[in-house]
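Please examine the sequence and the model shown below.

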Amino acid sequence: MTQTAETAVHLDAVRLVRGNRTVLDDIRLTVPTGSVTAVLGPSGSGKSTLLAALTGELVPATGDVRLFGEKVPQSSRELLAMRKRLGVLLQGNGLLTDLTAGENVALPLRTHTDLPSDVIDALVEMKLHAVGLRAAKDLYPRELSGGMARRVALARALALDPPLMIYDEPLTGLDPIASGVIMSLIARLNKTLGLTSIIVTHHVHETLPVCDHAVVIANGRIVFDGTPEELERSDDPLVKQFLGGEPDGPIAFDSSARSAA
Ligand SMILES: Nc1ncnc2c1ncn2[C@@H]1O[C@H](COP(=O)(O)OP(=O)(O)OP(=O)(O)O)[C@@H](O)[C@H]1O
C-alpha cells in the first residue's frame with residue numbers, strides 16, 4: 001500500500017536498531033485512517049521497538065516514519081506537540097496510585113491545556129462515560145478491578161482527543177471477560193470517535209475479531225500484511241507457527257539469531 005491522504009501511519013524502508021542489533025529491517029507499513037490495525041508477533045519480535053519508532057522515542061537508523069503525512073520529529077518540542085495527537089495506552093496502565101480515577105483522566109488536560117477546571121471536570125466525566133465508568137470518578141486505582149483500571153487508563157489516553165490511538169498489549173493480566181470488554185471498547189471508540197487504532201499484542205485470537213487490518217512481525221521483518229481473514233487463511237509457515245503457538249518452526253525462538261547492525 002502507498003501513502004495517501006487517507007493514511008494515518010506510514011513507514012518506508014525503516015530499520016530499527018537496539019544496542020548494536022538490527023531488531024527490525026525494511027519495515028514498510030501503511031495504516032489507513034479509520035482502521036483498527038493489529039501489530040502481532042511473538043515475544044521479542046520487536047513489537048515494542050516498532051511502537052517506540054511511532055512515538056518518536058526511537059529514531060530509525062534508516063527510513064521514514066510518518067504520522068498523518070508528517071515525519072516523526074526529533075526535537076523534543078516538536079515531539080511533545082506530536083504526542084498530543086497520539087493517545088497511548090501503555091502496558092500496565094501507568095495510573096498514578098495517589099490520584100483518583102477522575103484526577104488521573106484530568107492529568108493530561110491540566111498539563112497540556114489552559115482550560116478552566118469546570119470544563120476539565122466536564123471533559124473528565126465525558127471520557128469516563130465513554131469507557132462506561134462515570135461512577136468510578138472518585139475511586140482510587142487500588143479500588144478498581146484490573147479491567148476497570150485499564151478502562152480508566154484508556155479514558156486518560158483519550159483525554160486530549162487524539163486522532164490516533166496506540167494500545168500496547170492492552171490485555172495483559174486481564175481475564176477473558178475483561179479482555180472481551182476492552183477489545184470491544186477499543187473497536188467501539190474507534191468507530192464512534194472516528195479514530196485510527198493500532199493494537200500491539202501477541203493476543204492474536206482476542207484481537208483479530210475487532211481488527212480490519214493485521215500485520216505480523218517475526219524474525220526481524222513483516223511476514224504478513226493483510227486482512228484478518230487473509231491471515232487465518234495464510235499458508236506461510238511463519239504465520240502458521242505463530243497463529244498455532246508452536247515452539248518449533250521457522251520463527252527463531254532465540255532472538256540472538258537476528259543480525260548485528
Ligand atoms: N536496548 C537494547 N539493546 C539490545 N537489544 C535490545 C534492546 N532493547 C530490546 N532489545 C532486543 O530487541 C528485540 C525486540 O524487543 P521488543 O521488546 O521490541 O520485542 P517485543 O515483541 O515487544 O517483545 P515482548 O512481546 O516480549 O514485549 C529483543 O530481542 C530484545 O532483546
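Strand S3 and strand S9 (residues 213-218) run parallel and are joined by 4 bridges. Strands here are DSSP runs of E with at least two residues, helices are runs of H or I with at least four, and both are numbered from the N terminus. Two strands count as paired if DSSP finds at least two bridges between them. Within this pair, Thr37 has His213 of S9 as its bridge partner.

Two remarks on the source are needed at this point. Residues are numbered from 1 along each chain as its sequence is written. The model is predicted: local features need pLDDT of at least 70, side-chain atom pairs count only at pLDDT 80 or more, and totals for chains, interfaces and linings use all residues.

S3 also runs parallel to S8, to which 5 bridges join it; Val39 stands opposite Val200 in S8. How well covered is strand S3 (residues 36-40)? Of its 5 residues, 5 are buried, where buried means that 20 or more other C-beta atoms lie within 10 Å of the residue's own, exposed means 12 or fewer, partly exposed lies in between, and C-beta atoms are placed from the backbone. Val36, Ala38 and Leu40 point one way from S3, Thr37 and Val39 point the other way, and all are buried.

On from S8 (residues 196-201), strand S7 (residues 164-168) runs parallel to it and is joined to it by 5 bridges. Here Tyr167 stands opposite Ile199 of S8. These strands belong to an open sheet of 6 strands with mixed pairing, in the order S6-S7-S8-S3-S9-S10. Its edges are strand S6 (86-89) and strand S10 (221-226), each of which pairs on one side only. From one strand to the next the twist averages 15°; axes are lines fitted to C-alpha atoms, for helices over the stretch in contact, and angles run from 0 to 180 degrees between N-to-C directions.

A second open sheet has 4 strands in the order S2-S1-S4-S5, with antiparallel pairing. Strand S2 (21-32) and strand S5 (70-71) form its edges, each pairing on one side only. Strand S1 (residues 7-18) and strand S4 (residues 62-67) run antiparallel and are joined by 5 bridges, and the bridge partner of Val9 in S4 is Leu67. Helix H1 (residues 47-54) packs on this sheet, touching S1, S2 and S4, and its direction makes about 120° with that of S1.

Among the helices, H3 (residues 101-112) has Ala101, Gly102, Asn104, Val105, Ala106 and Leu109 buried. These buried residues pack against helix H4 (117-130) and helix H5 (146-157).

In total, the protein has 9 helices and 10 strands. Its radius of gyration, taken over C-alpha atoms, is 19 Å, close to the 18 Å that the globule rule gives for 261 residues, so the protein is as compact as a globular protein of that length; the rule is 2.2 Å times the number of residues to the power 0.38. Of the 261 residues, 37% count as buried.

Confidence is the last topic. The mean pLDDT (the predictor's confidence in each residue, from 0 to 100) is 91, and 95% of the residues reach 70 or more. Over residues 255-261, however, the pLDDT is below 50. Where pLDDT is low, the predicted coordinates should not be read in detail.

Methods. Contact = placed C-beta atoms within 7 Å.
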